[in-house]
There are 4 protein chains.
Amino acid sequence: MNKTTIKRIGVLTSGGDAPGMNAAIRAVVRSSVYHTIECVGIFRGYEGLIEGDFEALNARSVKNIINRGGTFLKSARSEEFRTKEGRQKAYNNLKKAEIDALVTIGGDGTFNGAIVFNEEFDFPIVGLPGTIDNDINGTDYTIGYDTALNTVVEAIDKIRDTANSHNRLFLVEVMGRDAGDIALNAGIGAGAEEILIPEQDMGRDRLVESLKRSKKSGKSSSIVVVSEGDQIGKNILGLADYIRENLKEYECKVTVLGHIQRGGAPSCYDRVLASRLGVGAVDALLNGERAVMIGIVHNKIVSVNFKESLKGSNKIDEDLIRVADIISI
Amino acid sequence: MNKTTIKRIGVLTSGGDAPGMNAAIRAVVRSSVYHTIECVGIFRGYEGLIEGDFEALNARSVKNIINRGGTFLKSARSEEFRTKEGRQKAYNNLKKAEIDALVTIGGDGTFNGAIVFNEEFDFPIVGLPGTIDNDINGTDYTIGYDTALNTVVEAIDKIRDTANSHNRLFLVEVMGRDAGDIALNAGIGAGAEEILIPEQDMGRDRLVESLKRSKKSGKSSSIVVVSEGDQIGKNILGLADYIRENLKEYECKVTVLGHIQRGGAPSCYDRVLASRLGVGAVDALLNGERAVMIGIVHNKIVSVNFKESLKGSNKIDEDLIRVADIISI
Amino acid sequence: MNKTTIKRIGVLTSGGDAPGMNAAIRAVVRSSVYHTIECVGIFRGYEGLIEGDFEALNARSVKNIINRGGTFLKSARSEEFRTKEGRQKAYNNLKKAEIDALVTIGGDGTFNGAIVFNEEFDFPIVGLPGTIDNDINGTDYTIGYDTALNTVVEAIDKIRDTANSHNRLFLVEVMGRDAGDIALNAGIGAGAEEILIPEQDMGRDRLVESLKRSKKSGKSSSIVVVSEGDQIGKNILGLADYIRENLKEYECKVTVLGHIQRGGAPSCYDRVLASRLGVGAVDALLNGERAVMIGIVHNKIVSVNFKESLKGSNKIDEDLIRVADIISI
Amino acid sequence: MNKTTIKRIGVLTSGGDAPGMNAAIRAVVRSSVYHTIECVGIFRGYEGLIEGDFEALNARSVKNIINRGGTFLKSARSEEFRTKEGRQKAYNNLKKAEIDALVTIGGDGTFNGAIVFNEEFDFPIVGLPGTIDNDINGTDYTIGYDTALNTVVEAIDKIRDTANSHNRLFLVEVMGRDAGDIALNAGIGAGAEEILIPEQDMGRDRLVESLKRSKKSGKSSSIVVVSEGDQIGKNILGLADYIRENLKEYECKVTVLGHIQRGGAPSCYDRVLASRLGVGAVDALLNGERAVMIGIVHNKIVSVNFKESLKGSNKIDEDLIRVADIISI
């Protein structure tokens, strides 16, 4: 595979949507135009690949979307793509549409599908990490993560108003699946008193002891940020009951931030990151790469073997945990 | 009671906090200074009144708070204030501090307390409507309501990104207690397909039928705004299950917006409203009024007998319901 | 003209854009659909009317625009529409497209054009007040005004951070043409020390004296909100020089907020207002009204003779000026 | 100098304020408490050092400031600190207050002062890079830069609404002094058609040619982001006149974003960065470092010799310029 053989690139988004996906699509399209390659949008992820739900995109097709959350190509889960028959249909559609390569934007599920498809049909695929969870290996940041951090921090700033006014304790559940990145960073940013993450098991008793100490030290309200994947935080209502029984000092409330974390206008960082990765995806295809994820490491665009990207997410930063402990004093 | 007899005004916030309460306190303080009256802040509502938790406030004490959510005087519920003994303590504290009149900022619970206190001790009290729920009679708007509408609409804008990207149906629960004002207005503003409010019983079947029709008409995603006090929306998880069983066209998700609705920097409207009401409260006291709420009706500041303000909340605007029906086509 | 004779409505936006215009278009379109009337979008205001730049709109054409600033129908000034020939072309295009009535969304210039056109051709036109300036008679609020207030207040909140940190004086110029509504309300909302509006001539000396007094009273920084139409504020750089010469206590800086005030996602209030007015426009046409503006007065939708709407803007609220004076103490 | 000899740390902010400075102060204070070191706030930068304007700070002194723009310690320029006499007074005050080390938060001017002071009195000083301009060597990011990027991008999103609605060209001036980082990144993030930065001289003719090409390619509006330090952008009004004469295709407008860029609630990134750097500053002092800046490189906290940090700012990223060119197609 060399540069001259790629004449038409397909682009799709798959899995949970993330702010910046539109910016990434835009960059793939415009970068294709820049290299005089045609670009085809595939709707609803692998589902649309199987159904042949395609639309030619040009530079103007992607105007005024860099600032929009979600993905205008839409996303979906596809059970059929897990079957050999489904993938064969997808391959046939690509051949018929004379698409030579794919850019898939999504998370680990998306990449798993891409790996299988690439192996079966020797079809060139480049992946971009698009998920708010920041749980992809081989990239410092995923598209949407920075925006989600700001959304969480702004939400907790609002909750803090009430917590302060009423001397309350709030348990705030945030997303992140098995990764504590959102909880840890947004927890530091929001000035949380405690942060519960899957990578570290705190235990209910230590949590209550710590909250008691901080109440004694003069704190009149408290925010506990709880990652959805945390051991004791998974059952957040049960945790709240336990706290109510064992910590009479505060009135305890629960807020589950939910899906607001996946949407919203992307932050500048996510827009720039998505733009760089989108350009990088087309560069990689033109350089003959066939089964890689494009990521950012130390502020440089890198390509990582797909399988590497799934080798367990980045470990949590011990330095950050120490910072969180110190500044919540 | 005439102007010359009021030399010192106490101000407190009580009940749930609402954005703009700080702006109202600021206006009461500065209006007092303007009229060369002293002003005393009472912390934690009626609880602080009973405990004598007072602090003299001057024009500089309230700088840089107009833009802050919550209430720097803090708020609390007070069981003791429901007792004759509690109220007697409160009265004694006011006498000792030579406070001649009170401004209480809060909702119906706050006003109920104020009515009893005023009657027992013939103590001048003026109330300001501070609640996001807009459920006070005799005022077109309560302090915090406009901000809450914007918070809800911004949150649903984010959720819409995901709904659109995945062709999903979202049930979004919003606050408002027994009043549908937040749900109806934010529902219109967010372009919701359906809005469930306590004032109108839709029934689960009609809801499902209507959602089916809108799906058939070409809608690919759907937002249903559910007021926390709505008959079928109260049990939002049960409602979601019912929808999942009877409407296979969408994947159905639930988001409870929760306490983010009570916080945040107040909107311009709430800051101006709170400032006008705060000035109006001091004017009313100087005019000899003793048991009134200051509200806004047709953009004019008015005073309303306390008891009037509690006579059942304003009815829902039928015109708005019609608008909601038409524009969700 | 009665209900049955209107089968197709044209809708256009003209003059400066304002947040909420899209929500108004959406409501006109969906209300037309509701009444089984066809709706045609006319691009670039009267310019597109003359050029026949039309596009049929249905309920789905206006999805996902309620939350967007600007106007997707675009806006333009049209010199040609000021000529008899231009208007004749416009009329011919309307006849050819079998459009029976127009809804025009804009400010006074838009309404002036509508009045002439209605008189010349006896063509039914209903106007909606769309301008951030709130300078239209016969409506309490114009579409876009509430959003602009929030934009200004958020911007000044940011500037206040720097003013406070450096003990500075900032002159902040805001829009509004000859109306001081934005300056006065946003000035109160932002906690400005002084507010300069066209309706009230303060004079440079009184301004400086007042700033000196407030400095002496303990203020360490100061925000002066200056309406672009104010007598001494029009030349804001000259005013800054004058202040620098006569008030050594502060370092004086100038910020012109500019066009950020016209854009942005509309506030909930503007979305609801625009939706109500859009529905009201179609109602009015169906009721046989032919040359009116639809406005909101005391929270009720009203229709106002076009000429009334241009009879000098609403006077400034004296009560608000008093509030501004008191709370900036 | 070893760990045991530092018993009291002074902290100050100097130069232009930047969002996140409060978060940095908070981290310095709480990290001091964590290490059982006392912490003293010094008001108004070096000016307050000379005047002895000090206040002891504890963990509670810095509550509820992590989300606030500006600096509660205030900032100022100090002419007197440029003199030997001024610095001697400052030193005497530090000795009298038994302060053993300083943390100074600011930009290059702040660090220059720190270098001289450290050399004259052999006084331990650690600097933190606090400026929106990102123009400090030895750190990938400065405190406040990420927030400023988001502020700029949000402002241009609003301006884009109007640009799109009216087919206009907007020149938008952004801050950054001699560094193009803000312009380049915010320009990419805002989807600007052209970006003018000091590091690259485009020339007026090439700019006009490029805008003509993009108009021909189908763009109906245009945003040009202009760095305040750019050669042809410095005189932005002159540039606008030149464009008006040579590019009749658009109506050309100018907006100077101004001081809104320095304020506002810090982004999550800036809060976390400031927290890490603040903790790092105290760590460095305890490790015996005496004249270093604490920065972040490749997501690790590093210490850099003060003089290194001033050796010309980081070069602009050529890769980013290429991305900007490609995605503005």
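Through which surface do the copies, chain A and chain D, meet? In this predicted model, 100% of the interface residues of chain A are also interface residues in chain D, so the copies meet through the same surface.

Two copies of a chain are related by a rotation about an axis and a shift along it. A rotation of 180°, with 0.0 Å of shift along its axis, superposes chain D on chain C with an RMSD of 0.0 Å. These two copies are thus related as by a two-fold rotation axis. Of the interface residues of chain D, 100% are also interface residues in chain C, so here too the copies meet through the same surface.

The size of an interface is often given as the accessible area lost when the parts come together. Between chain A and chain D, about 4,100 Å² is buried, and carbon and sulfur atoms give 54% of this area. Three residues, C268(A), I327(A) and I329(A), supply 14% of the area that chain A buries against chain D, more than any other three residues. In terms of contacts, 50 residues from chain A and 50 residues from chain D take part.

A salt bridge joins D157(A) to R271(D), with the closest N and O atoms 2.7 Å apart. On the side of chain A that touches chain D, two or more residues each come from α1 (21–34), α5 (145–166), α6 (181–189), α9 (268–286) and α11 (318–327) of chain A. The element that gives the most to this side is α9(A), with 8 residues. By class, the residues on the side of chain A that touches chain D comprise 21 nonpolar, 16 polar and 13 charged.

Within chain A itself, two domains are assigned: domain 1 (8–144 + 266–309) and domain 2 (146–262). Their C-alpha centres lie 34 Å apart. The contact between them takes 13 residues from domain 1 of chain A and 12 residues from domain 2 of chain A. Together, domain 1 and domain 2 of chain A bury about 1,100 Å² between them, with 44% of it on carbon and sulfur atoms.

The count of salt bridges between domain 1 and domain 2 of chain A is 3. Elsewhere in the description of chain A, R177(A) forms a salt bridge with D135(A), and their closest N and O atoms are 2.8 Å apart. Polar contacts across the interface of the two domains of chain A involve 11 residue pairs, both residues being at pLDDT 80 or more. The side of domain 1 of chain A that touches domain 2 of chain A has 5 nonpolar, 3 polar and 5 charged residues.

How values were computed. Residues are numbered from 1 along each chain as its sequence is written. Chains are lettered from A and ligands numbered from 1 in the order in which they are written. This is a predicted model: local features need pLDDT of at least 70, side-chain atom pairs count only at pLDDT 80 or more; totals for chains, interfaces and linings use all residues. Side-chain values use heavy atoms; hydrogens and water are left out. Copies are superposed by least squares on the C-alpha atoms of residues with pLDDT of at least 70 in both. Contact means heavy atoms within 4.5 Å. Buried area is the accessible area (1.4 Å probe) that two parts lose on being put together, summed over both. A salt bridge is a side-chain nitrogen of Lys or Arg within 4 Å of a carboxyl oxygen of Asp or Glu. Helices (H or I, at least four residues) and strands (E, at least two) are DSSP runs, numbered from the N terminus. Ala, Val, Leu, Ile, Met, Phe, Trp, Tyr, Cys and Pro count as nonpolar, Asp, Glu, Lys and Arg as charged, and the others, Gly among them, as polar. Domain bounds come from an automatic or database domain assignment. A polar contact is a pair of N or O atoms within 3.5 Å; within protein, one must be able to donate a hydrogen and the other to accept it, and residues adjacent in sequence count only if both atoms are side-chain atoms.
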